[in-house]
Amino acid sequence: LMAACWCLMVTNLSAQTGPGGVGNSSNNLLWLKADAGTSTTVNGDPVSSWQDQSGNAMNATQGVANCQPKYVASGSNGKPSILLNNLGDGIYDYFNLPSGFSDFTGGLSAFVVVKPNSTVAWSNLFNLGGGAPSTNDAIALARDNNTANISYRVVANGGSTIISRSSISNGFYQILSVRQDPGVPPGTSTVRMYKNNNFIPGSALVNIPRNVLRNDNYIGHDSWNSGDTDGEIAEVIIYNTLINSAQRIILAIYLSS
């Protein structure tokens, strides 16, 4: 019996391959971290690709030279980050993501480690867009206009709902995260937001994302050809499930370290 329990425990642990041991490739859709998978590790050099560590090959890429973010060798806790801005040429840097990100009926959980350098209206940390036209459906974690609020917006079949909470601090690294309850579209479910693992008081009902192929996906940009970002991003994690409170704490500890 002990041997059987040990085998089950080993199997369960080995299946958890996500950040901090939370999740695996079936529910951890995207995991970008600046200390792995970048096309360069030379400080100040442009980054043309940033490999997804989730096992789903959702690699972030940018083939246009003057839109390529820059590698920062020593960012938060001495670890690297990726700098997106428009310095030098007036053109903002961003990454493209592959098509996918379809089914969030099991909920959505996302974490971004970011240091905003300045306030740019509607700065998108990530934007997952699709449908017909491409602006008809979108999921975005972004600054709320030019305020200090972080917002989570879901556009479903052209109708937009949003939760916005005060939390963004320019010039400092912070962990911004969002959790949306499961549900079946069309409909809404409860969304909660966090900064550095602290719940930002208040929740809101937001559209449940439709189950559509999203093929207009970005880091640091949006589906409306704007939403640019001035700041450093060290890590981006997206799940297609509502992670539980214990998992959220494990992820926060992992990201904080």
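1. A quick term first: a residue is called exposed here when its relative accessible area is over 50%, and buried when that area is under 20%. Keep in mind that this is a predicted model. Asn225 has a relative accessible area of 63%, so Asn225 is exposed. You'll find Asn225 in the loop between strand 16 and strand 17. Have a look at its backbone too: Asn225 isn't a glycine, yet its phi is positive, at about 60 degrees.

2. Asn197 is another non-glycine residue with a positive phi, near 70 degrees in this case. Asn197 sits in the loop between strand 13 and strand 14 (198-199). With 27% relative accessibility, Asn197 counts as partly exposed.

3. One for your backbone checks: the peptide bond going from Pro185 to Pro186 is cis, and its omega is near -5 degrees. Pro186 belongs to the loop between strand 12 and strand 13 (188-195).

4. On to the rings. The count comes to four aromatic pairs. One of them joins Trp50 and Phe95, with 5.7 Å centre to centre and 50 degrees between the planes, which makes the pair tilted. Trp50 is in strand 2 (residues 49-50) and Phe95 in strand 6 (residues 95-97), so this pair ties together parts 45 residues apart in sequence. Trp50 counts as buried, at 0% relative accessibility, and Phe95 is buried as well, with a relative accessible area of 0%.

5. Tyr94 and Tyr218 make an edge-to-face pair, at 5.8 Å centre to centre with 75 degrees between the planes. Tyr94 lies in the loop between strand 5 (81-84) and strand 6, while Tyr218 is in strand 16 (residues 216-219), so the pair links parts that are 124 residues apart in sequence. Tyr94 comes out at 17% relative accessibility and so counts as buried. Tyr218 is buried too, with a relative accessible area of 12%.

6. Last, the largest pocket, which has a volume of about 390 Å³. Its lining is made of 18 residues, and those nearest the centre are Ser76, Val113, Leu255, Ser256 and Ser257. The elements that each give two or more residues to this lining are strand 12 (174-180), strand 17 (231-239) and helix 2 (245-256). Helix 2 contributes the most, with three residues.

7. What is the class make-up of the lining of the largest pocket? There are eight nonpolar, six polar and four charged residues in that lining.

Notes: Residues are numbered from 1 along each chain as its sequence is written. This is a predicted model: local features need pLDDT of at least 70, side-chain atom pairs count only at pLDDT 80 or more; totals for chains, interfaces and linings use all residues. Side-chain values use heavy atoms; hydrogens and water are left out. On a 1 Å grid over the protein atoms alone, a cavity is a set of points where a 1.4 Å probe fits but cannot get out, and a pocket is an open set with protein on both sides within 12 Å along at least five of seven lines; lining residues have an atom within 4 Å of a point. Grid points are joined across faces, edges and corners, and a volume is the space filled by probe spheres set on the points. Helices (H or I, at least four residues) and strands (E, at least two) are DSSP runs, numbered from the N terminus. Ala, Val, Leu, Ile, Met, Phe, Trp, Tyr, Cys and Pro count as nonpolar, Asp, Glu, Lys and Arg as charged, and the others, Gly among them, as polar. Rings of Phe, Tyr and Trp (its six-membered ring) pair if their centres lie within 6.5 Å; planes under 30 degrees apart count as stacked, over 60 as edge-to-face and the rest as tilted. Buried means under 20% relative accessible area, exposed over 50%, partly exposed in between (1.4 Å probe, protein chains only).
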